[in-house]
Amino acid sequence: MEKRDQWDSRFAFILAAIGSAIGLGNIWRFPYICYANGGGAFLVAWLVALFTAGIPLMILELGLGHKTEGSASEAFRKVNRKFEWFGWVAILVGFFIVCYYAVIMSYCFSFVYHSLTLAWGDDPTGFFYQQTLGLTESPLDIGGVKGYIFLGLLLSWIAIFFSIWKGAKTVGKVVYATVLIPWFLLLIFVVRGVTLPGAVEGLTFYLTPDFQKLLSHQVWLAAYTQVFFSLSVGFGIMIAYSSFLPRKTDIVNNAFLISMANCATSFVAGFAVFGALGYYAVKVGKPVAEVVASGPGLAFVTYPHIISNLPFWQPLFGVLFFLMLLTLGIDSAFSLAEAAAAGVMDKWKRSHRTTNIAVCSIALIIGIIFTTGAGLHWLDILDNFMNKFGLSIVCLGECILIGWVFGSGKIKEYVNGISEFKIGVWWDILIRFFVPVVLGVLILAELLERIKGSYMGYPRLAEFLGGWMMVLLLPIFGIILMLVKRRD
Ligand code: PHE
């Protein structure tokens, strides 16, 4: 049997975990959510969410992975044989996500190329939706596979495959590049963003607090979901990554470090994004609110507009911007693939190579649906359901299984035994009561929304196929994977 992987150093582990947490979410999702939910006031809700739920769950996952020395499925099996399926559910949520996350990376590849000639001309909207994606009217109108999006997808998977080649050993080396390069590039964009004329308009918009908004539950829900998504907890990644740590390490310290680094990056990224948006708004003579678009629109429509309007070196900034997105995305993507591969290796004791080929090729094949004309519709539906239901149900389940069934005290004792900074009873209270209540409310509120109307008005059939059915498949596949015979 192969010896269990181990990180080369604690620093390699920290970088890998930070690399997983920092992703596209920090650049386009966070600044926009922040603005839409009260700017400076949202930052308050977001910090509360970080300390009351994000960090406690991070400690839970790192503690669990380290104690059981197993990937998510293995860790839950060691907690109780009956729970193995639940670990697989966490892995599967991540696995479905990486199927489309790699497609967004494929968009980045093509935009690195298009930046060279500023190919979008003066119609970035048409260029992205019509020319690049060939987007159809409805998810049910599939259209054809877009050749170069598929090519980009293939490239992404080749890159992911080699990044996890020998598990933690390879990941620990690759992350030096995939964390440090985007940080460096982000710095360039922050400086570029805040020194553009009109930047102040954008920054005022980003940061001016509207404290009234803190009274609305929507803002709190947005803050909690953003924190979970951003920290990459609830996908089995942190459990697997922590299982590769040497026996002597400091869990609490690691958890704080990873979480704070991730959140600081989000906050700083806001300056790059909103500085540039302010400049662009002033230049076209519109209010900032009218030039902000959320989702892929911000990265692939608004940003190309901004790039074309920069005073100098437009192609260079374009290439660097999309390279930044690529390097931000890839370590999140391979952490998801590695979490799945670790689960398979723990159970069936296959070699790294066989496992990685299997995981990467299955995900590549599933990803083909997102390279079609209807791809972005399906991506949008699956993204919404995996995050709002898959991810939050996994986090809720972790709190209940560990907090109540296994006993949060056992993890606490274990973590305190090896950490310098000790966690107290506050942690048990958060894991056993507070986080489950917050998540319960969040899931119920979302469920009611979906009963009232389909997500974004998509046809109910498409919502079922891309959303509900996928969520229902999670426990079904989880149980099947649990029942397949393991190899010892
Ligand atoms: N945390 C990443 C981000 O902010 C997204 C991600 C989610 C990465 C899940 C891995 C797993 O973009």
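Leaving aside neighbours within four places in sequence, leucine 60 is in contact (heavy atoms within 4.5 Å) with Glu398, Ile402, Trp427 and Ile431. Leucine 60 belongs to helix H3, where helices are DSSP runs of H or I with at least four residues, strands are runs of E with at least two, and both are numbered from the N terminus. Leucine 60 is buried, at a relative accessible area of 0%; buried means under 20%, exposed over 50% and partly exposed in between, with a 1.4 Å probe and protein chains only. From leucine 60 to isoleucine 258 the C-alpha to C-alpha distance is 14 Å, although 198 residues separate them in sequence.

The model is predicted, so local features need pLDDT of at least 70 and side-chain atom pairs count only at pLDDT 80 or more, while totals for chains, interfaces and linings use all residues. Residues are numbered from 1 along each chain as its sequence is written, and side-chain values use heavy atoms, leaving out hydrogens and water.

Serine 408 sits in helix H17 and is buried, with a relative accessible area of 1%.

Helix H17 (375–418) is also one of the partners of helix H4, whose buried residues pack against H3 (40–68), H5, H11 (237–243), H15 (314–348) and H17. H4 spans residues 72–79 and is mostly covered, with seven of its eight residues buried. Those seven are Ala72, Ser73, Glu74, Ala75, Phe76, Arg77 and Val79.

Helix H5 (residues 84–115) packs in turn on helix H16 (residues 352–367) at an angle of about 65°, with the axes 9 Å apart. Axes here are lines fitted to C-alpha atoms over the stretch in contact, and angles run from 0 to 180 degrees between N-to-C directions. H5 is therefore roughly perpendicular to H16, a label for angles of 65 to 115 degrees. At this contact, Phe95, Cys99 and Val103 of H5 meet Val359, Ile362, Ala363, Ile366 and Gly367 of H16. Seven of the contact residues are nonpolar, one is polar and none is charged; Ala, Val, Leu, Ile, Met, Phe, Trp, Tyr, Cys and Pro count as nonpolar, Asp, Glu, Lys and Arg as charged, and the others, Gly among them, as polar.

Across the whole protein there are 19 helices and zero strands, and buried residues make up 60% of the 488 residues.

Key
Angles under 35 degrees count as roughly parallel, over 145 as roughly antiparallel, 65 to 115 as roughly perpendicular and the rest as oblique.
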